[in-house]
Amino acid sequence: MFTPSARARVLPSGATALQTSYADPRVRVCVALDTWMLPLEPELIENGLHIPVLFQQGDHFQRWEENSSVKRKLVSVCSKESVLFALRKTRHHNFSDVPWLSVPVLQYMRTIGRINPDVALRIILNKTILSV
């Protein structure tokens, strides 16, 4: 997966992480958390990133075909060490600390998935730590 030497500079976020990683050669590893792909520059989608990228995504964005097709295209042109990881029963806000505000309210509003927020964040963090 990711090489140990790549640990020097890791940038976790969504579209901002991808765009910054494309523009800034100091970034050595990118962790893209449930990324909204549509605002990314076309050059980034066409050229990809030459650093390892851990793409993590939730169920909801995975079922959004327009976003997923752009993500699959980008993954295909990124470093061969890049990985796409999807976490079932999650939504976009499961990839932040938002779920701890009020689980019942946020699940009712459908901004987080049916998975226990503690379990989701533990999986996301473990996947990130083990991959970087």
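Author: Two strands pair if DSSP finds at least two bridges between them, and strands (E, at least two residues) and helices (H or I, at least four) are DSSP runs numbered from the N terminus. This is a predicted model, in which local features need pLDDT of at least 70, side-chain atom pairs count only at pLDDT 80 or more, and totals for chains, interfaces and linings use all residues. Residues are numbered from 1 along each chain as its sequence is written, and side-chain values use heavy atoms, with hydrogens and water left out.

Reader: OK, which residue of β3 does C30 stand opposite?

Author: C30 stands opposite V53, and strand β2 (residues 29-33) pairs with β3 in the parallel sense over four bridges.

Reader: And is β3 mostly covered or open?

Author: Strand β3 (residues 53-58) is mostly covered, since six of its six residues are buried, where buried means under 20% relative accessible area (1.4 Å probe, protein chains only). In a regular strand the side chains alternate between the two faces of the sheet. Both faces of β3 are covered, with V53, F55 and Q57 buried on one side and L54, Q56 and G58 buried on the other.

Reader: Switching to S79, where does it lie?

Author: S79 lies in the loop between α4 (65-77) and β4 (83-87), and S79 is buried because its relative accessible area is 15%. Beyond its neighbours within four places in sequence, S79 is in contact (heavy atoms within 4.5 Å) with L49, H50, I51 and P52.

Reader: Which element has the lowest mean pLDDT?

Author: Strand β1 (residues 10-13) has the lowest mean, 58, whereas helix α2 (residues 42-47) has the highest, 94, pLDDT being the predictor's confidence in each residue, from 0 to 100.

Key: Buried means under 20% relative accessible area, exposed over 50%, partly exposed in between (1.4 Å probe, protein chains only).
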